Amino acid sequence: HNKRNVIMTYMGHHKPARDICFSNDGRRFISASYDKTVKYWDTETGKIIHTFSCGKIPYCARIYPDDDKQNEFLAGYSNKKILQWDMRTSTEVQCYDRHLGAVNTVTFVDRNRRFVSTSDDKTIRVWEYGIPVEIKYIAEPWMHSMPATCMHPNGKWILMQSLDNQILVYSTQ
């Protein structure tokens with residue numbers, strides 16, 4: 001296993017992929033690309049199950065973590081919006097449109113009832129899943145854009161990479 005050989009190559013995007021996310025069972029995944037699409041893939045066969053597009057670049061994409069909602073995902077776009085998609089019907093279910101810049105990250109928190117988004121507008125917003133109005137808004141004059149986030153395994157903290165060379169820790173409670 002240390003031969004460093006590529007095991008599988010997935011072809012289908014026309015420009016580089018920016019983000020990827022597996023389903024819980026690993027049988028499927030989504031990829032967000034600069035070609036203005038999010039593709040839904042079969043991991044084993046490499047086939048594209050469906051392509052989603054709103055005509056804008058998706059910067060991030062996350063499949064809903066709960067097993068009973070693995071058919072839904074959120075994608076943050078260059079046009080300041082977060083779209084909630086249903087993979088069964090291939091339709092946009094909800095639009096979260098309060099950011100003033102491109103959406104960089106979407107991270108599920110609070111037992112997946114909420115999610116946190118970061119944007120080039122240098123804000124952090126907390127949303128109830130399925131409700132398009134933020135419940136918390138964090139913006140300070142000293143804040144910078146945060147292009148990467150990571151949830152702590154205990155679910156109590158979220159790490160955020162700030163473009164001023166810092167890593168910030170916020171409580172999710």
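The numbered points below take up the tyrosine, then the ring pairs, then the charges over rings.

1. Please keep in mind that this is a predicted model. Every value below is computed from it.

2. Start with Y129. This residue lies in the loop that runs between β11 (124–128) and β12 (134–138). Is Y129 buried or exposed? Its relative accessible area is 12%. The cut-off for buried is under 20%, so Y129 counts as buried.

3. What surrounds Y129? Neighbours within four places in sequence are left aside here. Its contacts are then Y64, K69, E72, L74, Q84, Y96, F108, N112, R113, R114 and F115. V116 is 13 residues away from Y129 along the chain, and the two C-alpha atoms are 9.9 Å apart.

4. The side chain of Y129 also has polar partners. One is the side chain of E72, in a polar contact of 2.5 Å. Another is the side chain of Q84, at 3.3 Å.

5. Now the rings. How many aromatic pairs does the structure hold? The count is 15. One of them is Y10 with F29, an edge-to-face pair. Their centres are 4.9 Å apart, with 80° between the planes. Y10 sits in the segment before β1 (17–22), while F29 belongs to strand β2 (residues 28–33). The pair therefore ties together parts that are 19 residues apart in sequence. Y10 is partly exposed, at 27% relative accessibility. F29 is buried, at 9%.

6. Y96 and F115 make another edge-to-face pair. Y96 is buried, at 0% relative accessibility. F115 is buried too, with a relative accessible area of 0%.

7. Which residues do ring pairs link into a cluster? They are Y64, Y96, F108, F115, W127 and Y129. Y64, Y96, F108 and F115 are also among the contacts of Y129 listed in point 3.

8. Last, charges over rings. K69 lies over the face of Y64, 5.2 Å from the ring centre. Both K69 and Y64 are in contact with Y129. Elsewhere, R18 places its charged end over the ring of Y59, at 4.2 Å from the centre.

Note on methods
Residues are numbered from 1 along each chain as its sequence is written. This is a predicted model: local features need pLDDT of at least 70, side-chain atom pairs count only at pLDDT 80 or more; totals for chains, interfaces and linings use all residues. Side-chain values use heavy atoms; hydrogens and water are left out. Helices (H or I, at least four residues) and strands (E, at least two) are DSSP runs, numbered from the N terminus. Buried means under 20% relative accessible area, exposed over 50%, partly exposed in between (1.4 Å probe, protein chains only). Contact means heavy atoms within 4.5 Å. A polar contact is a pair of N or O atoms within 3.5 Å; within protein, one must be able to donate a hydrogen and the other to accept it, and residues adjacent in sequence count only if both atoms are side-chain atoms. Rings of Phe, Tyr and Trp (its six-membered ring) pair if their centres lie within 6.5 Å; planes under 30 degrees apart count as stacked, over 60 as edge-to-face and the rest as tilted. A charge sits over a ring if NZ of Lys or CZ of Arg is within 6 Å of the ring centre and within 35 degrees of the ring normal.
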